[in-house]
Amino acid sequence: MTGKTIITCAITGNLTKPEQSPYLPITPEQIATSALEAADAGAAIAHIHVRDPATGRPSMAIDLYREVVEKIRARNKSLVINLTTGPGGRFVPSIEDPRIAAAGTTLLPPEKRVEHVELLKPDICTLDLNTMNSGGEVVINTPRNVRIMAERMKAAGVLPEIELFDSGDCHLARDMFADGTLKGPGLFSLVLGVKYGFSATPETMFYARGLLPPGAVWSGFGIGRAEFPMVAQAFLLGGHVRVGMEDNLFMSKGVLAKTNAELVAHATGILKSLGASVATAAEARAMLGLG
């Protein structure tokens with residue numbers, strides 16, 4: 001709690017739906033503008049997913065990622081850009097034969113899941129280590145596939161942010177550091193509040209932090225109503241924080257956030273009330289060893 005605290009803003013995500021909020025950023029222009037507004041409110045990192053502008057549904061189209069990145073960079077060269085590689089890991093078994101993929105399956109080869117990262121070379125990209133139930137579906141990230149993705153991130157010169165959803169993910173991460181797939185001390189994100197994963201409680205965050213490699217840089221965040229309580233908890237345990245419409249759409253019960261900047265501003269207020277100093281983008285770059 002003696003250094004600067006980095007705020008990440010997760011702009012639009014993969015699972016939140018336009019029908020849940022009219023304020024959810026959808027188009028590349030909306031996503032980029034929302035990221036820039038979040039930066040003005042105190043976010044040092046923008047975590048980016050893209051959407052099909054016509055339908056609002058998740059997309060992995062490289063042209064959409066390129067447009068978002070270019071629009072952000074044209075107006076703010078300091079903001080740390082973090083592109084997702086999470087999409088492409090979902091499996092929905094058919095009712096008739098669970099070996100056959102049903103509608104909603106997004107499984108892609110690991111090489112395709114990092115193609116936009118190799119081409120656009122953001123500052124950071126996520127590396128999800130979770131294989132878990134997700135609603136009535138399954139997310140699959142096998143050790144082989146995540147190792148392939150990690151090696152390609154390394155070759156592209158992009159820092160992986162390792163997303164951990166449960167304790168087994170932490171053990172896999174440690175193995176990947178031990179065998180040299182990943183280089184330490186590592187950047188980690190503890191995802192709390194996803195059903196069937198880490199619960200969003202102080203005890204769970206404390207336990208998960210203890211599973212990280214020595215010297216790890218980490219953030220912790222909560223899903224839904226746990227978002228703001230976990231901002232405080234992560235700071236008190238020495239971590240960085242994340243908020244954004246990917247994780248939570250509400251300022252308070254029944255009150256939708258109109259912008260990501262509102263969520264960031266509220267998180268900034270919580271942190272400052274606890275005595276934190278919020279890192280600028282330039283300070284975050286220095287702390288994470290980014291150019």
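Visitor: Which residue follows α5, and what is the value of its phi?

Guide: The model is a predicted one. In it, α5 is followed by G157. The phi of G157 is positive, near 75°.

Visitor: What span does α5 reach from its first C-alpha to its last?

Guide: Helix α5 covers residues 143-156 and has 14 residues. At 1.5 Å a residue, a span of 20 Å is expected. The reach from the first C-alpha to the last is close to that expectation, at 20 Å.

Visitor: Which elements are included in what covers the buried residues of α5?

Guide: The buried residues of α5 are N145, V146, I148, M149, A150, M153 and A156. Their cover includes α3 (110-113), α4 (115-120), β8 (124-128), β11 (159-164) and α6.

Visitor: Are α5 and α6 roughly parallel or oblique?

Guide: Two packed helices are described by the angle between their axes and the distance between the axes. For α5 and α6 (residues 167-178), the axes are 12 Å apart and the packing angle is about 50°. Angles under 35 degrees count as roughly parallel, and 65 to 115 as roughly perpendicular. The angle of about 50° therefore makes α5, relative to α6, oblique.

Visitor: How do the residues of the contact of α5 with α6 divide by class?

Guide: From α5, the contact draws on P143, V146, R147 and A150. From α6, L172, D175 and M176 take part. The division is five nonpolar, no polar and two charged.

Visitor: How are α1 and α9 oriented to each other?

Guide: Helix α1 (residues 28-41) and helix α9 (residues 260-273) have axes 8 Å apart. Their packing angle is about 20°, and angles under 35 degrees count as roughly parallel. The two helices are therefore roughly parallel.

Visitor: Is the crossing of α8 and α9 left-handed or right-handed?

Guide: The axes of α8 (residues 227-236) and α9 come within 10 Å and cross at roughly 40°. That angle makes α8 oblique to α9. The crossing is right-handed.

Visitor: What are the class counts in the contact of α8 with α9?

Guide: On the α8 side, E227, F228, V231, A232 and F235 take part. They meet L263, H266, A267, I270 and L271 in α9. By class, the residues number eight nonpolar, one polar and one charged.

Key. Residues are numbered from 1 along each chain as its sequence is written. This is a predicted model: local features need pLDDT of at least 70, side-chain atom pairs count only at pLDDT 80 or more; totals for chains, interfaces and linings use all residues. Side-chain values use heavy atoms; hydrogens and water are left out. Axes are lines fitted to C-alpha atoms, for helices over the stretch in contact, and angles run from 0 to 180 degrees between N-to-C directions. Helices (H or I, at least four residues) and strands (E, at least two) are DSSP runs, numbered from the N terminus. Angles under 35 degrees count as roughly parallel, over 145 as roughly antiparallel, 65 to 115 as roughly perpendicular and the rest as oblique. Contact means heavy atoms within 4.5 Å. Ala, Val, Leu, Ile, Met, Phe, Trp, Tyr, Cys and Pro count as nonpolar, Asp, Glu, Lys and Arg as charged, and the others, Gly among them, as polar. The expected span of a helix is 1.5 Å times one less than its number of residues. Buried means under 20% relative accessible area, exposed over 50%, partly exposed in between (1.4 Å probe, protein chains only). A crossing is left-handed if the near helix is turned anticlockwise from the far one by less than a right angle, and right-handed if clockwise.
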